[in-house]
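Good morning, and thank you for making time for this item. I would like to take the group through one model, with the sequence and coordinates on the screen.

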Amino acid sequence: MAEAEIQKKMQKEMEVMNGVRKEIQKAMTQKQQLDSQLNENKAVKEELTLLKKDSEVFKLIGPVLVKQDLEEARQNVAKRMEYISKEIKRTEDHISALENKEEALQENFNKLKNDLGKLKLKA
Amino acid sequence: MASTSTTQQIDISKLSLPQLAQLKQQLEQELSVFQDSIQTLKIALNKFSESGECLEKIGPDSEGKTILVPLTSSMYVPGSLTDVNNVIIDIGTGYYAQKDVEGGKDYFKRKVQFVNEQIEKINMLGVEKSKFHEAITMLMEMKVQQQLQAQKAASS
């Protein structure tokens, strides 16, 4: 392979790799957000279980507080936690897939770099 | 992209200078994240303890007392307290729960305790990281000195 060709290929690989890295970053921030949401929901769930049976619970909808059934609120929070956990799982899978992709790209890139080095030595 | 859990198992004295520098930078970044987190937690702590203190001022004898209710930050209308036994507390994610004054105090006490625990945890992690950071800085200095001496020895 000619030197210029390898260099061109390396540049292309680099671009793809940077794209993947950016995507990983994005997925990481998303996961962090989901994590903090889950934590907040956990705190709320705990608080709701601590409440007495006849306590009144309100839900903030826009600027108004709407009274809500305690049992219903508990179920809502539980459902939401389930959903967020699933989302976290999904994002984690996404991240590990991306990381695998990045690793493969890096390997390929290193190989090209090696080839280039050998070519230069010969020249 | 290596995570710290794997790098910490490597003997740091075997790392090269650029690697150490990278590690040092990474640690510095983590430490600043810790600092930020502690700051945020302290703000939360203040809010909770302030709310708790407000509840201390509400007792059975506050009933019927006149207060000024803020409509905007610069305009108030007079009002009077009709229910001094119950408060409505924001428990997060848009949910509000009605609690009696004692329950409210208890809530804020618990929250303050919780946040304090978190701060303590981060502090401990921070101390550990700072120690590691210090060790790396010292090691780097040592390596630089060694290199300088080797250069001197080679030139003389």
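Predicted model: local features only at pLDDT ≥ 70, side-chain atom pairs only at ≥ 80, totals over all residues.

Let us start with the contact between chain A and chain B. On one side there are 23 residues of chain A, and they are in contact with 15 residues of chain B. The size of an interface is often given as the accessible area lost when the parts come together. Here, chain A and chain B bury about 1,600 Å² between them, and 58% of that area is on carbon and sulfur atoms. Three residues of chain A deserve attention: A:V44, A:E47 and A:F58 supply 30% of the area that chain A buries against chain B, more than any other three residues.

What polar links cross this interface? Between chain A and chain B, eight residue pairs are in polar contact, with both residues of each pair at pLDDT 80 or more. Which elements of chain A give two or more residues to the side that touches chain B? They are α1 (3–50), β1 (57–61), β2 (64–68) and α2 (70–122). Of these, α1(A) gives the most, with eight residues. Sorted by class, this side of chain A has 11 nonpolar, five polar and seven charged residues.

The rule for salt bridges finds three across the interface of chain A and chain B. In one salt bridge, the side chain of A:E47 meets that of B:R110, at 3.1 Å from N to O.

I now come to the strands. Within chain A, β1(A) and β2(A) pair in the antiparallel sense over five bridges. They form a hairpin with two residues between them, and A:G62 in the turn has a positive phi of about 60 degrees. Within chain B, strand β3 (residues 86–92) is joined to β4(B) by six bridges, again antiparallel. That hairpin has two residues between the strands, and B:T93 takes a positive phi near 45 degrees.

How many bridges join β1(A) to strand β4 of chain B? There are three, and the strands run antiparallel. A:K59 illustrates the arrangement: its bridge partner in β2(A) is A:V66, while its bridge partner in β4(B) is B:Y95.

Finally, the side-chain pairs. Over all chains, the count comes to 14 salt bridges. One of them lies between A:D35 and A:K31, at 3.5 Å from N to O. These two residues are separated by about one helical turn, because they are four residues apart in helix α1 of chain A.

The structure also holds two aromatic pairs over all chains. One is formed by B:F48 and B:F108; the pair is tilted, with 6.3 Å centre to centre and 40 degrees between the planes. This pair links distant parts of the chain: B:F48 is in helix α2 (residues 17–56) of chain B and B:F108 in helix α3 (residues 101–155) of chain B, 60 residues apart.

That concludes the presentation, and I welcome your comments.

Definitions and conventions. Residues numbered from 1 in each chain as written. Chains lettered and ligands numbered in written order. Heavy atoms only, no water. Contact = heavy atoms within 4.5 Å. Buried area = accessible area lost by both parts, 1.4 Å probe. Salt bridge = Lys/Arg side-chain N within 4 Å of Asp/Glu carboxyl O. Polar contact = N/O pair within 3.5 Å; in protein donor to acceptor, adjacent residues only side chain to side chain. Nonpolar A, V, L, I, M, F, W, Y, C, P; charged D, E, K, R; others polar. Pairing = 2+ DSSP bridges. Phe/Tyr/Trp six-rings, centres within 6.5 Å; stacked < 30°, edge-to-face > 60°.
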